[in-house]
Amino acid sequence: MATTDAAVATGTAAFDLTGRTALVTGSSQGIGRTLAQGLAEAGATVIVHGRDAAKAAATADGIATGVGRDVRSAVFDVTDPSAVDAGIQALEDEHGALDILVNNAGIQRRAPITEFRDEDWTDLVSTNLSSVFYVSRRVARGMVARGSGKLIQIGSVQSQLARPGIAPYSATKGAIAMLTKGLCADLAPHGIQANAIAPGYFDTELTQALVADERFSEWVRGRTPAGRWGRTRDLVGALVFLASPASDFVNGQTLYVDGGMTAVV
Ligand code: NDP
């Protein structure tokens, strides 16, 4: 059926997530925590997620207190396909098929390529890339049956820019951009949009050592046209856009939220 202009929401209604259920993987801290809070503020029923049950529950409680609504939590290891299937099944039993999935859980490992250890490579690929395949595959089944859904991956500027010591991390993030296009190819006919957000350098638990390194911190400020590190709230507008009806004709894209870093040399 052709979409009429009347069916396309405009104004703030286009960004309203009331009635939608959203899972944000790895949202017990850092970027994910702010993304979960942003979705809750936009009206969604949010599920905070991590591996540490007490930490995820505490984060959910903190967000719930701020927004004045219930926020749930879920615990499973995104690198374990059986745990993913069981975890999503439990959520669907309670909430029905999810409306929004944010594939945010991720790790970093650093070493020169000649010193890079097999176990660090394996951890990076399983946590940053295989997890997106496992969780998206399972969540998309419910979305396909319903005929709508939003899949949003958290990539990185490292999908486009290389730096010494993080070649395997960059490879996982480059793959995320391409996996996002593939999800679009398979799922767009089912009314599902798959997009990615690629953050620049953000001050979170993951990057504490870099933030504390004054020489590196200065390099980030100089290399970023905005002249500063990202704050996690800088990502919320892009996320709410990609999670909402406002982006229903945006599919397979990576949106760089990096203060201009990838736009300039
Ligand atoms: P943090 O280290 O602060 O948080 C990582 C989150 O992922 C935690 O909630 C952690 O939960 C969860 N997690 C990690 N491994 C697993 C696993 N196997 N199963 C389930 N949950 C897991 O990271 P950031 O917030 O900084 O990063 C979030 C995302 O943003 C990552 O994908 C990262 O690559 C990306 N990013 C970050 C940038 C930055 O500058 N910080 C820049 C660009 C991209 P728990 O502790 O319970 O395991």
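1. Val 102 stands opposite Ile 152 in E5. The place of Val 102 is strand E4; strands (E, at least two residues) and helices (H or I, at least four) are DSSP runs, numbered from the N terminus. This is a predicted model, in which local features need pLDDT of at least 70, side-chain atom pairs count only at pLDDT 80 or more, and totals for chains, interfaces and linings use all residues. Residues are numbered from 1 along each chain as its sequence is written.

2. Val 102 is buried, with 29 other C-beta atoms within 10 Å. A residue is buried if 20 or more other C-beta atoms lie within 10 Å of its own, exposed if 12 or fewer, and partly exposed in between, with C-beta atoms placed from the backbone. Not counting residues up to four places away in sequence, Val 102 touches Ala 22, Val 24, Thr 25, Leu 35, Ile 152, Ile 154 and Leu 239. Contact here requires C-beta atoms, placed from the backbone, within 7 Å. Val 102 and Asp 77 are 25 residues apart in sequence, and their C-alpha atoms are 15 Å apart in space.

3. E4 and E5 pair in the parallel sense over four bridges; two strands pair if DSSP finds at least two bridges between them. Six of the six residues of E5 are buried, so this strand is largely enclosed by the rest of the structure. Gly 149, Leu 151 and Gln 153 point one way from E5, while Lys 150, Ile 152 and Ile 154 point the other way.

4. Strand E5 (residues 149–154) also pairs with E6, in the parallel sense, over six bridges. Leu 151 has Ala 194 as its bridge partner in E6. Helix H8 (residues 236–243) packs on the sheet and touches strand E1 (21–24), strand E4 (100–103), E5, E6 and E7; its direction makes about 150 degrees with that of E5. For such angles, axes are lines fitted to C-alpha atoms, for helices over the stretch in contact, and the values run from 0 to 180 degrees between N-to-C directions.

5. The sheet is open and has seven strands in the order E3-E2-E1-E4-E5-E6-E7, with parallel pairing. Strand E3 (72–75) and E7 stand at the edges with a single partner strand each, so one side of each lacks a neighbour in the sheet. On average, neighbouring strands of this sheet are turned by 20 degrees against each other, direction ignored.

6. Pro 199 has Val 257 in E7 as its bridge partner. Strand E7 (residues 254–257) has a covered face, Thr 254 and Tyr 256, and an uncovered one, Leu 255 and Val 257.

7. The ligand is surrounded by 28 residues, the closest being Gly 26, Gly 30, Gly 50, Gly 106 and Leu 206; a residue counts if its C-beta atom, placed from the backbone, lies within 6 Å. Helix H1 (residues 30–41) gives the most to this shell, with three residues.

8. Overall, the protein has eight helices and seven strands. Of its 265 residues, 42% count as buried. Among contacts with a separation of 6 or more, 72% are between residues 24 or more positions apart. Along the principal axes, the C-alpha trace spans about 50 × 40 × 40 Å.

Conventions
Contact = placed C-beta atoms within 7 Å.
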